[in-house]
Amino acid sequence: MTTLDLVMALVVGGLFAAGFYLLLDRSLMRILLGVIVLGHAANLLLLLTGGPPGVPPVLPGAGAGERYADPLPQAMALTAIVITFGITTLLLALVHRAWQLDGHDEVRDDVEDRRIGTVQDREESGPPLPTDRDHEPGGGSGR
Amino acid sequence: MLALFALHAAVAAFLPWLAARAPRGVWYVAALVPLAAVGWAAWHTGAVLDGGTLNETLSWAPALNLTVELRLDPLSLLMVYVVSGVGALVLLYCARYLPGHGREAALLLLFAGVMFGLVTADQLIALYIFWELTSVISFLLIAGRGEGADHRRAAEQALLTTAAGGLAMLFGFILLGIEADTYRISELLAEPPSGGLTWLAATLILVGAFAKSAQVPFSAWLPAAMVAPTPVSAYLHAAAMVKAGVYLVGRLTPALEGVGPWRPAVLAFGLTTMVVAAWSALRQNDLKLLIAYGTVSELGMLIALLGAGTRTSALAGEEMLLAHAAFKSSLFLTVGVVERTTGTRDLRRLSGLGRRLPLLTVAATVSAASMAGLPPLIGYLGKEAAYDGLWHAPFAGGGWAVAGLALGSLLTVAYSARFLWGAFARKPGVPDAEPKPAAPGLVWPICLLAAAAPVLGLWYEGTARLVEPYAATRGLLAEPGHGYAVTLWHGITAPLLVSASMIVLGLAVHWARRPVARVGSRLPRLPDSQRGYDRTVHGVDHAATWLTRHTQVGSLPFYLTVLLLTVILVPGGTLLSHPPDWPEVVGWHSVAQIPLSVVVLTALGGLVVARHRLTAVLLVGAVGYGVAALFLVQGAPDLALTQFLVETLTVVVVVLVLRRLPSNFTPERPSPRSRVLRAAVALAAGGCVAYFAVSATAVRQSLELSDTIIERAPETGANNAVNALLVDFRALDTLGEISVLLVTAIGAGALLGYRSSRRQWPTGPSAGSRAARAFRGIHWDVPREPWLPEADELPRRDRSLLLEVVVRALFPAVLVLSVYLLFAGHYRPGGGFAGGLVAGQAFTLRYLVGRRAEAAFPLPITPRAVSGGGLALAALVALGPLLFGQPPLYSATFTLGLPLLGDVKIATNIFFDLGVYLLVLGVCLKLLFALAQARDAGDTLVPYHDRPRRVPR
């Protein structure tokens, strides 16, 4: 059956690796570039699942012995390209806005995440919260 | 049955409205509904007790096999009497106790309806839904309006405990349904499952029942729930909701009594609860808590009796259930009257109330006597049957059960006496209470409930007729050679002697209450289930914090690394451990791929090391163009065209935004160690994907779909199969896609064009303009003709003759090209997307040269209208066929004779494509306008917090 060739596998792998590498950065701009590259990678992979190169699927195109390229992944990848464009512009706007507000485009550590992890330590060192309900004889009357 | 349930819900919905107009009348109206249910039950009593059952089915999603099945059989009939009878009286009591409380009236009535549904449900899942609805309503009633912290805490505890039990029970129901191959309870009872995991199902169901009926170790929520108003406690937490667990045990015992853990668990937990809770009741000074613990104790007994699975114990359980519903609700309501008239429930402050409220005292005494099991009341009938049932039990451990029951009964007698003494007796040293007169409307419901005890006891033939059909159910063990009959006098028997001596001993315990209390305070404390609950909640909180602390470090690269490692390890590991048959791999399919791959990979290599933003963006563009060329080689010209256009637009937009950011990436460079780690993870993940790609494409089985699409593309009026897919076969997909595109464009436009202040930020003269002023004479390339009118306003240094001439010449041509692409899409590469992008780029080009978005697009409509109109047009074309009786997105083809052009074949989906075109164009324009606005907002970087507030003019 149809098989991916090595060159294309190399390109797809390279695109994904570069995309992931950029995604792991702390600069929002490079993360954005990573998303764009990952979009290319996914689209190319999608297209390549359709099989080896063929004649463009426009009738009448293929002569005897020729085969058409699979149109289905093409349509899907086309949709994906346009969506990637939309996502890219939105991310870009976010980068721009982050830069406007903070004066940098760096992803810093979320301090709130760490604060949640220590919420109980802070509670315990603070004033005790009323937690015990009195069930002893004599308690709980007069409600 | 369904109509009755609907009546409950409908009237409940209307009660809050009524409450403001008729504060008392609202309760009378509410009480009519359960009264109707009682009347309905009475109407059917004869038929049901003679062996007929009433079935109703409502199938609301037959395709999913979801039906609501209701069934009235003797046990359900008994429960309907309890639930609706007590419910009606409690609602009448509320007319005086809580006038004008529309929320409570509606919830209580709804609760009555849900309970009615619960006891008549003949399907496990329906039963579960009713079951959880009672938990929710109980939560709402305990919490009140959520004003007191104790209310909220008690409500939360009740909900957590009963809902957790309910989840276990649901799991048990599903297991049971799988084992029995049916979810209908009547079918389950007819053919009880026995094998497989039935024991686990039984255990889980018991957990749910124990949680609902407040059995040890889940008992703490019920005393805590006593913060609710007294009628709510009387109804939910004495008569109805907590009986759901008892009912469920009684309902399933005939099917499950023989299943491993059922009987031992029921007897052990039930009787332990009975004794422990009764001992706690004896130590309470708050009258309401006293009977609350008494309720827990009695529920333990009921669970033990109904779960034991013999005929006599079932009789005893039913009688006690009736008795308990009547006496416990009347006692709760009595406490309500005592509190209302004296202002306290503390028995140490009450004295001499008996003489001031004689009618109430008589009623409460009758109820307490029934609780203690004195003849000739219904409580006595039940107690006698209970002793007899366990005494003659045909299973091992009956002796222990009798001992537990006896000890529990002894303590029950003692706390019954303590209640009467505490509420009504005159105590030395305590001043006599001066109660306000009790409204008759508060007392007579109590009297009616109390009167049930002697009536059902003396008219024991009637009681027997009501309870015997269930006890005779197939599946309950009969005691051979011992037919117990429901009657007041069986002669002097061993159970009678035990019972009598327990009453005497119980009174003695009450008489010796001071020494008993002293001894009790020295005994080691019993494990307290409230503390168990608190510890569990605390433990869960701590575990959650621990987990958060150890997993949420707050670093995005860390989270992404974890995600990627998961991708590498789980699917990648699976690929490595189960390698697919390695396909025949060829080096390349087309020689053109090799140079293109080199371009792409080189650009990628430059991209990951680039430190300059602009360089990186241009390299990304190079990657994109390389990929587009690969698309072309692959036989996808449409894709390649779109990719070229999108990539160009992306690069332009990114560069326009980038002008404002520092030229180098910040932070400059991470540490080498982190770079190595990132590179290793990224390479491993990329390798994983490549390996997956090779092995996955090798196993593609069927290409028939694609062949069909190509063959049938002309039916849509298009020879281009990709275009046919986009506007016809998968047009719904395209519709969704353009909606997404519009949404992202709106978001991006709002973020980019946002101005935090109307003030323009002054920009200092840049180095370039100073140089331009210095060398004014040498700008030979500045145009002197008005090629683009809007560019005339630009400073001369920013103008370029070449660009202005080219744009001027190309602009109309590009627009024509875009329209051509739109219409050619049906026959050649192109289509709405490509056309729209080309048109968008024409305007982008003009904007780049003239720097004014309004001038680039000088029409009197906004980009918003263009994109919105495009979406509307596409949606109209999609929905239009409905008017002609065709499915949505249907496309018709017809031929039009036009002058000059001859016959033109037109498919209606061309208008869909036109919508796509307009939308994409509108999105591009929107971005342009937003970028222009962002530029106008100024180039000076002002930190957010330092910005000047807007000054009022």
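B:Pro376 sits in the loop that links α16 (358-372) and α17 (378-391) of chain B, where helices (H or I, at least four residues) and strands (E, at least two) are DSSP runs numbered from the N terminus. The peptide bond between B:Pro375 and B:Pro376 is cis, with omega about 5°. The model is a predicted one, in which local features need pLDDT of at least 70, side-chain atom pairs count only at pLDDT 80 or more, and totals for chains, interfaces and linings use all residues. Residues are numbered from 1 along each chain as its sequence is written, while chains are lettered from A and ligands numbered from 1 in the order in which they are written.

A cis bond is also found from B:Val216 to B:Pro217, with omega near 5°. B:Pro217 belongs to the loop between α8 (198-212) and α9 (221-224) of chain B. The loop between α8 and α9 of chain B also holds B:Ala214, a residue other than glycine whose phi is positive, near 55°. B:Ala214 counts as buried because 30 C-beta neighbours lie inside 10 Å; the cut-off for buried is 20 or more other C-beta atoms within 10 Å of the residue's own, 12 or fewer make a residue exposed, values in between make it partly exposed, and the C-beta atoms are placed from the backbone. B:Asp181, not a glycine either, has a positive phi of about 65°. Its place is the loop between α6 (149-180) and α7 (185-190) of chain B. B:Asp181 is exposed, with 10 other C-beta atoms within 10 Å.

What does UniProt place at residues 121-387 of chain B? The record, an unreviewed entry, gives the feature "domain: NADH:quinone oxidoreductase/Mrp antiporter transmembrane" for these residues; UniProt positions are given in the numbering used here, feature names are shortened, and annotations may be inferred rather than shown by experiment. In the model, residues 121-387 of chain B are 77% helix and 0% strand, and the end C-alpha atoms of the span lie 31 Å apart.

Turning to helix packing, helix α10 (residues 230-239) of chain B packs with helix α14 (residues 311-342) of chain B at an angle of about 160°, and their axes are 9 Å apart. α10(B) is therefore roughly antiparallel to α14(B), a term for angles over 145 degrees, with under 35 roughly parallel, 65 to 115 roughly perpendicular and the rest oblique. Residues of α10(B), including B:Pro231, B:Tyr235 and B:Ala238, meet residues of α14(B), among them B:Lys328, B:Phe332 and B:Leu333; contact here requires C-beta atoms, placed from the backbone, within 7 Å. By class, nine residues of this contact are nonpolar, four polar and one charged. In this scheme Ala, Val, Leu, Ile, Met, Phe, Trp, Tyr, Cys and Pro are nonpolar, Asp, Glu, Lys and Arg charged, and the others, Gly among them, polar.

Chain A has five helices and zero strands, giving the order α-α-α-α-α from the N terminus on. Of its 143 residues, 52% are buried. Among contacts in chain A between residues at least 6 apart in sequence, 53% join residues at least 24 apart.

Finally, the two chains meet through 118 residues of chain B and 95 residues of chain A. On the side of chain B that touches chain A, helix α28 (residues 672-698) of chain B gives the most, with 14 residues. That side of chain B has 70 nonpolar, 32 polar and 16 charged residues.

Technical notes. Axes are lines fitted to C-alpha atoms, for helices over the stretch in contact, and angles run from 0 to 180 degrees between N-to-C directions.
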